[in-house]
Amino acid sequence: MPVQRRLLGSLNSTPTATPQLRLATNQTGPQCLLVSIPDGLFLGLGLVSLVENMLVVVAIAKNRNLHSPMYCFICCLALSDLLVSTSNVLETAIFLLLEVGALATPAAVVQQLDNVMDVLTCGSMVSSLCFLGAIAVDRYISIFYALRYHSIVTLPRARWAIVAIWAASILSSTLFITYYNHAAVLLCLVTFFLAMLALMAALYIHMLARACQHAQGIAQLHKIQRPVHQGFRLKGAVTLTTLLGVFFLCWGPFFLHLTLIVLCPQHPACSCVFKNFNLFLALIICNSIVDPLIYAFRSRELRLTLKEVLLCSWSSKQPPPCCQLQPRLLVPGKASLRWETEQ
């Protein structure tokens with residue numbers, strides 16, 4: 001029987017939450033669908049996410065051409081996803097060791113460790129959502145305010161935004177773990193998720209409409225046939241669906257779980273949802289795996305840097321010329337516009 005994920009363990013041990021979780025375990029009805037997540041699969045997903053996001057952070061740190069506001073947000077998103085995966089992997093490994101008796105630790109120490117992991121995990125999840133929104137805002141400004149982009153999104157402002165996001169994430173996660181038994185806290189988290197979803201949807205839909213207008217203008221200028229323009233719109237719609245669909249499918253079930261804890265903690269139908277808590281956490285880790293594919297690895301500059309980092313020696317000696325990071329001209333704002341021009 002897989003170990004129950006200890007993420008938000010304090011929440012699951014509250015007087016409000018405990019009954020419905022026990023109901024979900026003891027009353028298995030034919031109408032309930034229980035998806036079991038083996039601990040090996042959970043650990044494997046976490047390790048893949050850890051390695052993938054670590055490569056993104058290293059590649060951006062190694063190449064000075066990538067030290068721009070947009071890549072700073074992408075790097076912080078990778079770091080947030082890295083912390084989500086690390087905290088879940090460590091937490092699962094520790095409690096598996098405790099379950100088999102390989103690790104002897106007092107109950108008080110285990111509880112404190114659980115609380116620390118909860119704060120780390122919750123904070124990294126909140127920061128991950130914030131940086132997804134920050135990336136959407138950055139891309140929106142780069143498209144609709146292209147001439148003023150570098151005066152609006154400066155590196156100092158981006159750094160202050162990053163510091164504010166991390167500080168707010170740590171504070172909110174600490175308050176969440178401390179006041180877990182208040183329904184208002186859960187509702188605030190759910191409202192935050194819905195607001196971030198609405199923000200991303202509004203910005204990306206507006207960007208898609210602008211990209212379609214741009215493509216239509218080019219088509220009219222060069223007298224391109226209509227099917228080409230329709231193909232562009234279809235490709236843009238697919239990209240938009242991927243961005244928002246992955247975000248909603250990976251994060252939505254977890255916040256649905258929090259919502260149902262407030263709305264119907266004792267209802268049998270809600271208890272069926274509570275039983276799949278581990279699945280919802282696994283989906284969040286899957287989102288940490290998909291994020292680099294959507295936001296980082298599509299950048300040719302980052303892919304070339306990552307290739308050079310992987311092929312070259314990490315020795316302190318001067319690497320051969322073929323292994324040195326070659327400076328490449330990176331047009332400011334061009335990477336942000338790639339979403340518009342390449343779809």
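I sort residues into classes first: Ala, Val, Leu, Ile, Met, Phe, Trp, Tyr, Cys and Pro count as nonpolar, Asp, Glu, Lys and Arg as charged, and the others, Gly among them, as polar. The model is predicted, so local features need pLDDT of at least 70 and side-chain atom pairs count only at pLDDT 80 or more, while totals for chains, interfaces and linings use all residues. Residues are numbered from 1 along each chain as its sequence is written, and side-chain values use heavy atoms, with hydrogens and water left out.

**Entry 1: a pocket.** I searched a 1 Å grid over the protein atoms alone; a pocket is an open set of points with protein on both sides within 12 Å along at least five of seven lines, a cavity is a set where a 1.4 Å probe fits but cannot get out, and lining residues have an atom within 4 Å of a point. A volume is the space filled by probe spheres set on the points, which are joined across faces, edges and corners. The second largest pocket holds about 190 Å³. Its lining has 14 residues, with F73, A134, V137, D138 and A161 nearest the centre. I sorted that lining into 10 nonpolar, 2 polar and 2 charged residues. Helices are DSSP runs (H or I, at least four residues), numbered from the N terminus. Helix α5 gives the largest share of the pocket lining, 6 residues.

**Entry 2: a cavity.** I counted 5 cavities of 30 Å³ or more. The second largest cavity has about 70 Å³ of space. Among its 11 lining residues, M125, V126, L189, F254 and F255 lie nearest the centre.

**Entry 3: α4 and α7.** Axes are lines fitted to C-alpha atoms, for helices over the stretch in contact, and angles run from 0 to 180 degrees between N-to-C directions. The axes of α4 (residues 69-100) and α7 come within 9 Å and cross at roughly 20°. That makes α4 roughly parallel to α7 (angles under 35 degrees count as such). Contact means heavy atoms within 4.5 Å. In this contact, P69, C72, F73, C76, L79, S80 and L83 of α4 meet L155, A158, A161, I162 and W166 of α7. By class I list 11 nonpolar, 1 polar and no charged residues here.

**Entry 4: α5 and α11.** Helix α5 (residues 107-144) and helix α11 (residues 277-296) have axes that come within 12 Å and cross at roughly 25°. That makes α5 roughly parallel to α11. The contact involves M125, S128, L132, I135 and R139 of α5, with I284, D291, I294 and Y295 of α11.

Technical notes
Helix = DSSP H or I, 4+ residues; strand = E, 2+ residues; numbered from the N terminus. Parallel < 35°, antiparallel > 145°, perpendicular 65-115°, else oblique.
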